[in-house]
Amino acid sequence: MKTLDELRKIREKSQQKITLGESNNRVKIVVGMGTSGIALGAREVMKAIIEEVAIRNLTDVIVTQTGEKGLSSMEPVVDVIEDGKPTITYGNITPEKARKIIAEHIVNGKIVNDFIVTMLN
Amino acid sequence: MKSKSHIADTHKYNFNYENRVVLKNSGIIDPENIEEYIGVGGYKAWEKVLTQMKPMEVVEEVKVSGLLGRGGAAFPAGLKWSFTAPLKAEQKYIVINADEGEPGTFKDRLIMEGDPHKLLEGTMIAAYAVGASKSYIYIRGEYTLCISRLKKAIVQANEYGILGENIFDSGFNHEIEIKIGAGAYVCGEETALIESMEGNRGTPRSKPPFPGVEGAWHKPTVVNNVETIANVSAIINNGADWYKTLGVEGCYGTKVYTIMGDVELPGLCEAEMGTSLRTIINKYGGGMKNGKQFKAALVGGAAGVFLSNEMLDVKMDFNTLKEYEAVLGSGAILVMNEDVDIVEMLWSVIRFFRHESCGKCNPCSNGTTVLYNLIDKIRKGKGKEADLDELIRISEAMFLTSFCALGQSPLMPIKSAINNFKEDFLTKIK
C-alpha cells in the first residue's frame, strides 16, 4: 500500500532509473519480449545475455525486458542503453549475436554495425 | 530478405515513436514492472481524476475529445459513458473487450503485452467516470502472454494501493478481474461477449436494452475496446484540446494498425487518423516486398473491405472511408501484390464467416453457407456471371435481416471485392 506522495517519489526515482541517472549501472540491455520476439527466439537471446553477463561478472550491466516495438521481421530486438550515448537497437538477434554484442559493444565499447536497426539520441 | 550490412548502412528502419499515444511505452518499458510504468508518468491521470475531477467531468472530457471506439464500430466513447454514468444502480460494470477476433488484427494483443498498466489505468478512469466498482477484462484464451502480464499488473496495482478499497483515501473502490474466452468470433460482439462472460453460450442478445443500461448480470455495463481505453489516460493528462490536435476533423487521435502480407516490414504501427494507405504501406510497412506491384489491401479484417490502388491516397479515418463505402474496422491491413487472386481471398473470408456464424439467426447461419457454396463454385471455375449478383443480393439481404453485426459483415468484403476486382472473378467464370 502506497500513499500518493510515495507514488510521486517512485515516479522520480524510476525516471532516473530508466535513464540510468544516479544508479550504479553503466549499461542497460533491454530484450524485446513480445509475441513475435519470443516466437523468433527472444527467450534464448535473453538467456544468452544473462549467462554472458554472469560469466563475465559485469556488475554494472542490468538486463530487462520490454514489449514489442513494431517491426516483427526485425525481432528479436535488443536495445543497448548507455548514459550520454545514443540508444542502439539491434535486430534479428540470435544467442550467438547476443554474445558478440556483449563482447564487442558492452565490454569493449565497439558498436556492432552489422546488427543495427536504429540508433536514437 | 535484405542483407544485414544493408540495414547497417542505411539505418532506414524506424520505429516511429514520435506520433505514438497508445503504444508510446510499448517496446520501451518493462511491462512486468509497475515502477517503470509509474516512471514514465503512469497513473498520473488516475491520480488526477481521483483528486481533482468529478466523475461527470471525466465523462465530459472524453466526450469533448471526440474519442471514437477503436473496436471497429467507431461509437463515441464519451457518449457511451454518458448513458451509464447518471444511472442509479447498486452495481455497474466496465467490461474491456479484449477478444480481438478479427483476422489479422493483433493490436490489442501488443498493447496488453507491451503496456498492461496503461489498459488498467484507462479502465479505472472509465470505472470512476461511470461509477463502476468492478471491471472485467474479457480476453481470448490464446493470448497467454497478455493474460499473465495483465494478471501480474493487477497484483502489482493492488499491492501499491492503486486498485482496491478506498483508493488514495478517495472513498472509491475498484476491482479488476480477468475473464478468459474460448475464441469465438461472435464473442467480440458486446452482448455475446456478456453472455459468454456470464457463463452462457456466446450468442448475441437483442438490443435494446443496450448493455449501457442492462448489460452483465442485467446491470449497467460499459463495454469498451482495449485500444479505446488505452487512449484515455493521455486524454486526461493532456486534455481534450490536445487530443483534437491529432488526426482529422471529426476523427481525432491515432490508430494502431497491424500491417501484414506482401510488405517488406510486417508488424504494427501507430499513425494519426487520416494517414493515407500509401503512407502506411511505404513509411511503416517498408513498401511492397520484392518490388512487386500493389494490387489490393483488405482493411479491417474479414469484416473489412478490399481496397484497390485507386484508394491508396484516401485519408484513412472512420468518416472519410465511410464516404467511399469502406471501413477502417479494427485497423488490420492485409496487403496483396499483383500475384494474389481476389477470388481466393474472398473465398477464405467467406469460409471464415461460415465457420464463425453462431447459429442463432437464420439469415446468418444459412446465408453464410449459401455464400460459401457460391464462392466455392466460382473458385472451382463452375460459376456464372449471375452468381456475382447473387453473392451481393444475398449478402445485402443478410445485412438487412441478420440479428447481429456478424451476419451484416459479409456484405462489405463481397461487394468491394466484386466491384473493385471484377476481372479476377470474370477470369474464373469464363
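This is a predicted model: local features need pLDDT of at least 70, side-chain atom pairs count only at pLDDT 80 or more; totals for chains, interfaces and linings use all residues.
1. Strand 7 (residues 254–261) of chain B and strand 11 of chain B run parallel and are joined by four bridges. One place to look is M260(B), whose bridge partner in strand 11 of chain B is L334(B).

2. Strand 11 of chain B also pairs with strand 9 (residues 294–299) of chain B; here the two run antiparallel, with five bridges between them. F294(B) has N337(B) as its bridge partner in strand 11 of chain B. Strand 11 itself, residues 332–337 of chain B, is mostly covered, and five of its six residues are buried.

3. Now for another sheet in chain B. This open sheet has four strands in the order 3-2-1-4, with parallel pairing. Which strands stand at the edges? They are strand 3 (175–181) and strand 4 (221–225) of chain B; each has a single partner strand, so one side of each is left without a neighbour in the sheet. From one strand to the next, the twist averages 20°.

4. Within that sheet, strand 1 (residues 93–98) of chain B runs parallel to strand 4 of chain B, and five bridges join them. To find this pairing, look for Y93(B), whose bridge partner in strand 4 of chain B is T221(B). Helix 8 (residues 144–159) of chain B packs on the sheet, where it touches strand 2 (134–140) and strand 3 of chain B. The direction of helix 8 of chain B makes about 165° with that of strand 3 of chain B.

5. Next, please have a look at E61(B), which sits in helix 4 of chain B. Is E61(B) buried or exposed? E61(B) counts as buried, because it has 22 C-beta neighbours inside 10 Å, and the cut-off for buried is 20 or more. Leaving aside neighbours within four places in sequence, E61(B) is in contact with I235(B), I236(B) and A240(B). D169(B) is 108 residues away from E61(B) along the chain, and their C-alpha atoms are separated by 23 Å.

6. The axes of helix 15 (residues 342–356) and helix 19 (residues 411–420) of chain B come within 10 Å and cross at roughly 170°. These two helices of chain B are therefore roughly antiparallel to each other. I342(B), L346(B) and V349(B) in helix 15 meet P413(B), I414(B) and A417(B) in helix 19 of chain B. By class, this contact has six nonpolar, no polar and no charged residues.

7. Finally, the two chains meet: 32 residues of chain A are in contact with 34 residues of chain B. On the chain A side, helix 1 (4–18), strand 2 (61–66) and strand 5 (116–120) are the elements that give two or more residues. Helix 1 of chain A provides the largest share, eight residues. By class, the side of chain A that touches chain B has 11 nonpolar, 15 polar and six charged residues.

Terms used:
Residues are numbered from 1 along each chain as its sequence is written. Chains are lettered from A and ligands numbered from 1 in the order in which they are written. A residue is buried if 20 or more other C-beta atoms lie within 10 Å of its own, exposed if 12 or fewer, and partly exposed in between; C-beta atoms are placed from the backbone. Two strands pair if DSSP finds at least two bridges between them. Axes are lines fitted to C-alpha atoms, for helices over the stretch in contact, and angles run from 0 to 180 degrees between N-to-C directions. Angles under 35 degrees count as roughly parallel, over 145 as roughly antiparallel, 65 to 115 as roughly perpendicular and the rest as oblique. Two residues are in contact if their C-beta atoms, placed from the backbone, lie within 7 Å. Ala, Val, Leu, Ile, Met, Phe, Trp, Tyr, Cys and Pro count as nonpolar, Asp, Glu, Lys and Arg as charged, and the others, Gly among them, as polar.
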